[in-house]
Amino acid sequence: MTPEQVPAVRRALVTGATAGIGAEFARRLAADGWALVLVARDAARLAEKAAELTGRYGHPVEVIPADLSTADGCADVERRLAGDEQVDLLVNNAGISLNQPFLRSSMADESRLLGLNVQAVLRLTRAAVGPMVRRGDGAVINVSSVAGFGPVMPGSTYPASKAWVTAFSESVDLATRPRGVRVMALCPGYTRTGAHERIGIDMSGTPRLMWLTAERVVDEALRDLRKGRTVSVPSRRYKLAVAAVRHAPRGLLRRFARDTRGRDDRRPG
């Protein structure tokens, strides 16, 4: 972009922005002087978060209440990404896991997981990179997971959805980077966001050493984006874990895979 084309205020759109990693992205970007567009399902919490950030940092915060597991919710955000006020950074953070293994979950729940973790990422990334490529500038961070590097959670479709997010991000980046637009997959490990507690997954057996903070995840993500990384895995211990999962024999992975939600060998019910 030429100097006269560079906007005076950079603008970021963050999904799943009221809690956890999404809320920390919003806080960090606001502190760094970005204007924000925040997306979440809960309109009241969204308005509260916007007021908090505006009051603390003095930058405009726009909100879009939307359920991104639905076509209508995605369409609302797609329209905003195509709007007159350009978005320079998209953070696709909204996502869910399920507290039921595949043999016991409902098709409605599985479809909602795929709608939010896969379909929304596909649609919003596509809506964002079009205008970015035309300008020759912009970036997308798709929040994935280290779980996507191998089948480490018996009977869970969550790792499969995150494997798609990582592969999708790497592939799109190959097409957009030569045109000035970066797409990065952010793959954190266990992060203290309250998400497990909200859906009733007991994580008490997970060693304290394996937990990351949302602040650390976001710090490393933004640093890796500046460095031009395509895949960001926060913390050395998770980088080592990913390397081990990628290269370990599949039989060994199957022996050590565990399901924090309980066994998956019961009859469907």
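Which residues are buried in helix 2? Leu46, Lys49, Ala50 and Leu53 are. Buried means under 20% relative accessible area, exposed means over 50%, and partly exposed lies in between, with a 1.4 Å probe and protein chains only. These four residues cover an arc of only 100° around the axis, which puts them on the same side of helix 2. The arc is that of the directions from the helix axis to the C-beta atoms.

This is a predicted model, in which local features need pLDDT of at least 70, side-chain atom pairs count only at pLDDT 80 or more, and totals for chains, interfaces and linings use all residues. Residues are numbered from 1 along each chain as its sequence is written, and side-chain values use heavy atoms, with hydrogens and water left out.

Now the overall picture. The protein chain has 9 helices and 9 strands. Helices (H or I, at least four residues) and strands (E, at least two) are DSSP runs, numbered from the N terminus. Of the 269 residues in the protein chain, 48% are buried. The accessible surface of the chain is about 13300 Å². Carbon and sulfur atoms hold 53% of that surface. Accessible areas come from the Shrake-Rupley method with a 1.4 Å probe; for residues, only the protein chains shown count as cover. Among contacts in the chain with a separation of 6 or more, 70% join residues 24 or more positions apart. Contact means heavy atoms within 4.5 Å.

Back to helix 2. The helix runs over residues 43-57, 15 residues in total. From its first C-alpha to its last, helix 2 reaches 21 Å, close to the 21 Å expected at 1.5 Å a residue. The expected span is 1.5 Å times one less than the number of residues. The cover over its buried residues includes helix 1 (20-31), strand 2 (35-40) and strand 3 (61-65). On the other side of helix 2, Ala44, Glu48, Ala51 and Gly55 are exposed. Ala47 also belongs to helix 2. Ala47 counts as partly exposed because its relative accessibility is 42%. Its C-alpha lies 9.4 Å from that of Ile64, 17 residues away in sequence.

Both ends of helix 2 deserve a look. After the helix comes Gly58, with a positive phi near 75°.

Next, a loop. Gln86 sits between helix 3 (71-81) and strand 4 (89-92). Gln86 has a relative accessible area of 19%, so this residue is buried. Its side chain makes a polar contact of 2.6 Å with the side chain of Asp88. A polar contact is a pair of N or O atoms within 3.5 Å; within protein, one must be able to donate a hydrogen and the other to accept it, and residues adjacent in sequence count only if both atoms are side-chain atoms.

Pro131 is placed in helix 4 (residues 107-135). Pro131 is buried because its relative accessibility is 17%. Pro131 and Gly83 are 48 residues apart along the chain, and 9.5 Å separates their C-alpha atoms.

At 2% relative accessibility, Ser144 is buried. Its side chain comes to 2.8 Å from the backbone oxygen of Lys162. Beyond its neighbours within four places in sequence, Ser144 contacts Lys162, Val165, Thr166, Leu186, Cys187 and Pro188.

Finally, the charged pairs. The whole structure contains 16 salt bridges. A salt bridge is a side-chain nitrogen of Lys or Arg within 4 Å of a carboxyl oxygen of Asp or Glu. One of them joins Arg28 and Asp32 at 3.1 Å, N to O. Arg28 is buried at 17% relative accessibility, whereas Asp32 is partly exposed at 39%.

Which residues are linked in a network of salt bridges? Arg216, Glu220, Arg223, Asp224, Arg229 and Lys239 are. Asp224 is buried, at 1% relative accessibility. Asp224 pairs with Arg229, the closest N and O atoms being 3.1 Å apart. Asp224 also pairs with Arg223, where the closest N and O atoms are 3.9 Å apart. Arg223 is partly exposed at 34%. Arg229 is partly exposed at 38%.
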